[in-house]
Amino acid sequence: TRTRTRTRTRTRTRTPTPARAARGEAMSAILGNAMGLIKRAAPSKRYDVGGYHVKFLRDLAEGGYAFVSLVEECERGPPRPSRKRKRRFALKRMIIQSKEQREEVEREVRALQHVQHANVVRLLGFHERQKQAHGQTEALLLLPLYEKAVSDDIYRAHGTGRAPFTEQMLLHIALQAALGLHAMHASGLRHNDVKPGNVLLRPREDGRRGVEAVLTDLGSAGPARQAVKSRLEAMAIQATSTPTLSLGLSLTPIRTPTPTLARTLARALARTRTRSRTRTRTAPTLAPT
């Protein structure tokens, strides 16, 4: 004789307790506040800068109170489908909240407008606007788009046992950076923040092999020479500077931190030569630049 047991499944409905309901409401409030902050912090989608009308695509970098975004040229009015290839730029947004930040923005804009050279980044447009949400002033600098900085390849090659650049490419980059510095010094300005992260690279526009290198981030630029009234004042200035480039009588040069870039390039060059010796005994041929 077989005995069949029938099991009944009963669905139990839990009645939420006041404590569980309160936790759910608190979590919903936290998520809502977080999403509100994200939406308020998100940049505006479109900008008018120096005759260019561009739209935001994505963020590229940020540091301090400055943000660099990838933007694309667009038409005014509602978006319309177009097969025409649109130009892309880098948009530097700087929040102005203090007198020091205002002075840095003005220094960078003046330096970019004053120095016109192929190896110094070009200012395409400048505009200031008031952010209604926070009542802050935002400076917009529209710049050409460059793919990467020298520091990107150095960091990428670190620990891999390979050189970040070939010897010829490294010398070509160093020459262009030096030409950009020379143009600034000839215009009476010093860069004051030369480093691999402030040397940008992109392929040559004429289609030839090689890269174009430009100096960027001129917010710390200042006069190349400064008048001093005494030897003590000159010594105080030199004590906070790197080695001088020249020495005048009544004017003392403000020394620029070019050794930072020089040492970095020298180390990269040394690694390149070490790798090349292990592969071949023939030294590479350098084309004239």
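This note sets out numbered points on the predicted model shown above.

1. Basis. The model is predicted: local features need pLDDT of at least 70 and side-chain atom pairs count only at pLDDT 80 or more, whereas totals for chains, interfaces and linings use all residues. Residues are numbered from 1 along each chain as its sequence is written, and side-chain values use heavy atoms, with hydrogens and water left out.

2. Overall composition. The protein chain contains six helices and 13 strands (DSSP runs numbered from the N terminus: helices are H or I with at least four residues, strands E with at least two). Of its 289 residues, 34% are buried (under 20% relative accessible area, with exposed over 50% and partly exposed in between; 1.4 Å probe, protein chains only). The accessible surface is about 19800 Å², and carbon and sulfur atoms contribute 52% of that area (Shrake-Rupley method, 1.4 Å probe; for residues, only the protein chains shown count as cover). Among contacts with a separation of 6 or more, 60% are between residues 24 or more positions apart (contact: heavy atoms within 4.5 Å).

3. Surroundings of Gln-176. This residue belongs to helix α4 (residues 167-186) and is buried, at a relative accessible area of 10%. Leaving aside residues up to four places away in sequence, Gln-176 touches Asn-119, Val-211, Glu-212 and Ala-213. Its side chain makes a polar contact of 3.2 Å with the side chain of Asn-119 (a pair of N or O atoms within 3.5 Å; within protein, one must be able to donate a hydrogen and the other to accept it, and residues adjacent in sequence count only if both atoms are side-chain atoms). A polar atom of the Gln-176 side chain also lies 3.0 Å from the backbone nitrogen of Ala-213.

4. Aromatic pair. The whole structure holds one aromatic pair (ring centres of Phe, Tyr and Trp, the last by its six-membered ring, within 6.5 Å; planes under 30 degrees apart are stacked, over 60 edge-to-face, the rest tilted). Tyr-52 and Phe-89 form this edge-to-face pair, at 5.3 Å centre to centre and 70 degrees between the planes. The pair links distant parts of the chain, with Tyr-52 in strand β2 (residues 52-63) and Phe-89 in strand β4 (residues 88-96), 37 residues apart. Phe-89 is buried, with a relative accessible area of 6%.

5. Helix α3. In this helix (residues 150-157), the buried residues are Val-150, Ser-151, Asp-153, Ile-154 and Ala-157. Viewed down the axis, they fall within an arc of 165 degrees, so they line one face of the helix (the arc is that of the directions from the helix axis to the C-beta atoms). Just after α3, Gly-159 adopts a positive phi of about 80 degrees.
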